[in-house]
Amino acid sequence: MTQIKRIGLLTSGGDAPGMNAAIRAVVRSAIYYELEVIGIRRGFEGMINGDYFRMDRKSVSNIIQRGGTILKSGRSEQFATEEGRKKAYEQLKENDIDAIITIGGNGTFIAADIFAKEYNFPVIGLPGTIDNDLIGTDFTIGYDTAINTAIDAIDKIRDTAESHARLFIVEVMGRDCGLIALRAGVGAGAEAVIIPDTSSNLDALYHRLEFGRKDKSSRIVLVAEGEQPNAAFEIGRMVKEKFPNYDTRVSVLGHIQRGGKPTCMDRVLASRLGVAAVERLLAGKFGEMVGLVHGELAYTPLESAVKHHITINPNFLKIVEILSL
Ligand code: F6P
């Protein structure tokens with residue numbers, strides 16, 4: 001087995017607050033263990049194009065608190081092809097890179113897993129996505145910040161909704177999964193949460209609007225964006241049609257959920273996982289995502305981290321219903 005001396009580090013897919021804290025943790029712990037780190041810009045695209053630079057202790061100074069990713073990110077179509085992955089492998093070899101640590105979500109790990117198996121190349125994944133939709137970690141880096149950003153925005157919408165006695169349909173991110181909607185819904189005291197995978201909750205909403213309390217001065221319905229574009233506008237249109245007496249507005253929070261200073265939870269998570277990723281490589285373990293389950297480090301094969309559909313805890317929907325009486 002090759003002794004690991006030089007690690008390539010990249011961020012890929014949608015950025016997430018806390019990615020910089022994870023980059024810092026990987027770089028600093030690699031230096032601590034006397035390894036070299038090569039930063040790869042713009043995800044797998046940069047890996048193919050040789051967009052590499054040497055990282056040192058100072059290149060990660062003053063970034064733990066910054067949103068986004070200093071390595072830049074993206075989704076690479078080239079890397080989805082055999083030819084693209086071959087070019088990436090050749091670049092890594094040319095630059096004497098023995099292993100890579102990639103920070104990202106579902107798409108990132110699917111691509112990284114194919115590459116790792118194709119070239120028997122050591123890869124470790126760190127879960128970085130606001131969606132929290134990976135198996136093998138209770139929380140992904142960026143999720144805590146995103147839900148806090150969401151509830152901050154929803155609190156503001158509540159102020160104006162109260163003043164005008166309005167019903168707001170608020171769309172939050174989460175194309176494949178409604179975990180932002182679910183937690184932000186509980187945290188912001190929403191009247192209802194609509195998640196694409198649980199179609200019955202639209203009927204529950206209609207039922208409540210028809211038979212529920214009429215003396216509420218505002219209502220917030222949280223909608224996870226789902227795969228269909230304009231989910232919130234579509235629901236808003238149907239609600240307006242069925243309940244013309246409600247003064248209904250739609251608000252889409254969008255990419256503000258991906259930016260901003262990471263919360264302390266995300267910084268600590270990213271720091272712990274970043275150190276663990278380097279230690280895992282040194283222990284000769286690859287092809288895994290490093291996560292945290294019940295507060296302890298957990299290692300999940302990349303293919304299993306992405307394989308399953310995340311199940312929504314129905315208790316959360318029930319809590320929304322009970323608490324919005
Ligand atoms: O995966 C993170 C995420 O923010 C999803 O919640 C969202 O559906 C998607 O990325 C949006 O991607 P893009 O920024 O490419 O439009």
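The centres of domain 1 and domain 2, taken over C-alpha atoms, lie 34 Å apart in this predicted model. The domain assignment, which is automatic or drawn from a database, gives domain 1 as 6-142 + 262-306 and domain 2 as 145-258. Residues are numbered from 1 along each chain as its sequence is written, and side-chain values use heavy atoms, with hydrogens and water left out. Because the model is predicted, local features need pLDDT of at least 70 and side-chain atom pairs count only at pLDDT 80 or more, whereas totals for chains, interfaces and linings use all residues.

The size of an interface is often given as the accessible area lost when the parts come together. Domain 1 and domain 2 bury about 1000 Å² between them, 52% of it on carbon and sulfur atoms, where buried area is the accessible area (1.4 Å probe) that two parts lose on being put together, summed over both. In terms of contact (heavy atoms within 4.5 Å), 14 residues of domain 1 meet 13 residues of domain 2. Across this interface there is 1 salt bridge, defined as a side-chain nitrogen of Lys or Arg within 4 Å of a carboxyl oxygen of Asp or Glu. The side of domain 1 that touches domain 2 comprises 5 nonpolar, 4 polar and 5 charged residues, with Asp, Glu, Lys and Arg counted as charged, Ala, Val, Leu, Ile, Met, Phe, Trp, Tyr, Cys and Pro as nonpolar, and the others, Gly among them, as polar.

The structure as a whole holds 17 salt bridges. One of them joins the side chains of K117 and E303 at 2.3 Å, N to O, and this pair links distant parts of the chain, since K117 belongs to helix α4 (residues 106-119) and E303 to helix α10 (residues 302-307), 186 residues apart. The side chains of R258 and D15 also form a salt bridge, at 2.7 Å, N to O.

Helices (H or I, at least four residues) and strands (E, at least two) are DSSP runs numbered from the N terminus, and two strands pair if DSSP finds at least two bridges between them. Strand β10 (residues 288-293) pairs with strand β11 (residues 296-301) in the antiparallel sense over 6 bridges, and E288 has P301 of β11 as its bridge partner. The two strands β10 and β11 form a hairpin with 2 residues between them, and H294 in the turn has a positive phi of about 50 degrees.
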